[in-house]
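Please keep the sequence and the structure in view while reading.

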Amino acid sequence: MSLKSPAKTAKRRRLYAVLAGLAGLGVAAGLILTAFSDNLVFFHSPSDVAAGKVAAERRFRLGGLVEQGSVARQADGATIHFRVTDTAQTVTVAYKGVLPDLFREGQGVVAEGSLDKHGLFVAREVLAKHDENYMPKEVAEAIKATGQWKPGAVAPAK
């Protein structure tokens with residue numbers, strides 16, 4: 001004769017099934033959040049980079065203005081170096097590829113890439129503004145934070 005009643009055994013099975021389901025959901029949520037955090041790309045200004053707020057070799061977006069007289073094509077003919085500024089700090093950017101048609105000195109730019117071990121920002125993608133009245137919101141805020149914003153010069157994007 002068994003000491004366990006059939007009702008207690010059924011309750012235990014349901015309890016184990018619920019616990020197994022919750023554990024499975026926890027593992028799935030953990031995997032999703034891990035994958036999501038690897039794909040997040042944050043925006044930083046040159047002042048953030050100079051302040052050390054960005055970890056080396058972490059992918060992020062760098063935004064600001066292309067400094068006047070800073071665009072130089074390297075000897076290999078494919079690599080272009082230029083400096084991005086928020087009028088307080090500058091970061092040198094290396095990019096290998098074709099720049100957008102609207103890329104110019106003195107214009108807003110957002111580059112996505114990472115810092116190498118020497119502090120050079122190696123861009124994988126460069127985005128330039130698409131008309132004269134547009135500046136990425138993050139770039140406008142970074143320039144405003146430095147106190148160099150000229151009201152009415154360029155309207156930030158909404």
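Predicted model: local features only at pLDDT ≥ 70, side-chain atom pairs only at ≥ 80, totals over all residues.

Q: How many aromatic pairs does a search of the whole structure find?
A: Rings of Phe, Tyr and Trp (its six-membered ring) pair if their centres lie within 6.5 Å, and planes under 30 degrees apart count as stacked, over 60 as edge-to-face and the rest as tilted. With this rule applied to the whole structure, the number of aromatic pairs found is two.

Q: Which arrangement do the rings of F60 and F121 have, and how many residues apart in sequence are the parts they tie together?
A: The ring centres of F60 and F121 are 5.0 Å apart and the planes stand at 65°, so this pair is edge-to-face. Helices (H or I, at least four residues) and strands (E, at least two) are DSSP runs numbered from the N terminus. Because F60 lies in strand β2 and F121 in strand β7 (residues 121-128), the pair ties together parts whose separation in sequence is 61 residues.

Q: Where do F82 and F103 lie, and what is the angle between the planes of their rings?
A: F82 and F103 also form an aromatic pair, an edge-to-face one with 4.9 Å from centre to centre. F82 is in strand β4 (residues 79-85), whereas F103 is in the loop between β5 (90-96) and β6 (108-115), so that distant parts of the chain, 21 residues apart, are linked. Both F82 and F103 are buried, and the angle between their ring planes is 70°.

Q: Which residue's backbone oxygen does the side chain of S70 reach?
A: S70 sits in the loop between β2 (60-66) and β3 (72-73), and its relative accessibility of 7% means that S70 counts as buried. Leaving aside residues up to four places away in sequence, S70 touches H81, F82, R83 and E105, where contact means heavy atoms within 4.5 Å. At a distance of 2.7 Å, the side chain of S70 reaches the backbone oxygen of E67.

Q: With which residue does E67 form a salt bridge?
A: A salt bridge is a side-chain nitrogen of Lys or Arg within 4 Å of a carboxyl oxygen of Asp or Glu, and here the closest N and O atoms are 2.5 Å apart. Because E67 lies in the loop between β2 and β3 while its partner lies in strand β4, the pair ties together parts that are 16 residues apart in sequence. E67 is partly exposed, with a relative accessible area of 22%, and the residue with which E67 forms the salt bridge is R83.

Q: Which residues are linked with E112 in a network of salt bridges?
A: The side chains of E112 and R59 meet in a salt bridge of 3.3 Å, N to O. Because E112 lies in strand β6 and R59 in the loop between α2 and β2, this pair ties together parts that are 53 residues apart in sequence. E112 is buried at a relative accessible area of 13%, whereas R59 is partly exposed at 31%. In the network, E112 is linked with R59 and R61.

Q: Is K53 buried or exposed?
A: K53 forms a salt bridge with D48, the closest N and O atoms being 3.7 Å apart. Its relative accessible area is 58%, so K53 is exposed.

Q: What is the value that phi of E57 is near?
A: E57 is found in the loop between α2 (46-50) and β2, and at 62% relative accessibility E57 counts as exposed. Its phi is positive, in a residue other than glycine, with a value near 65°.

Q: How far apart in space are A145 and S47?
A: A145 lies in helix α3 (residues 137-146) and is exposed, with a relative accessible area of 68%. A145 and S47 are 98 residues apart in sequence, and their distance in space, C-alpha to C-alpha, is 9.5 Å.

Methods:
Residues numbered from 1 in each chain as written. Heavy atoms only, no water. Buried < 20%, exposed > 50% of the residue type's maximum accessible area, 1.4 Å probe, protein only. Polar contact = N/O pair within 3.5 Å; in protein donor to acceptor, adjacent residues only side chain to side chain.
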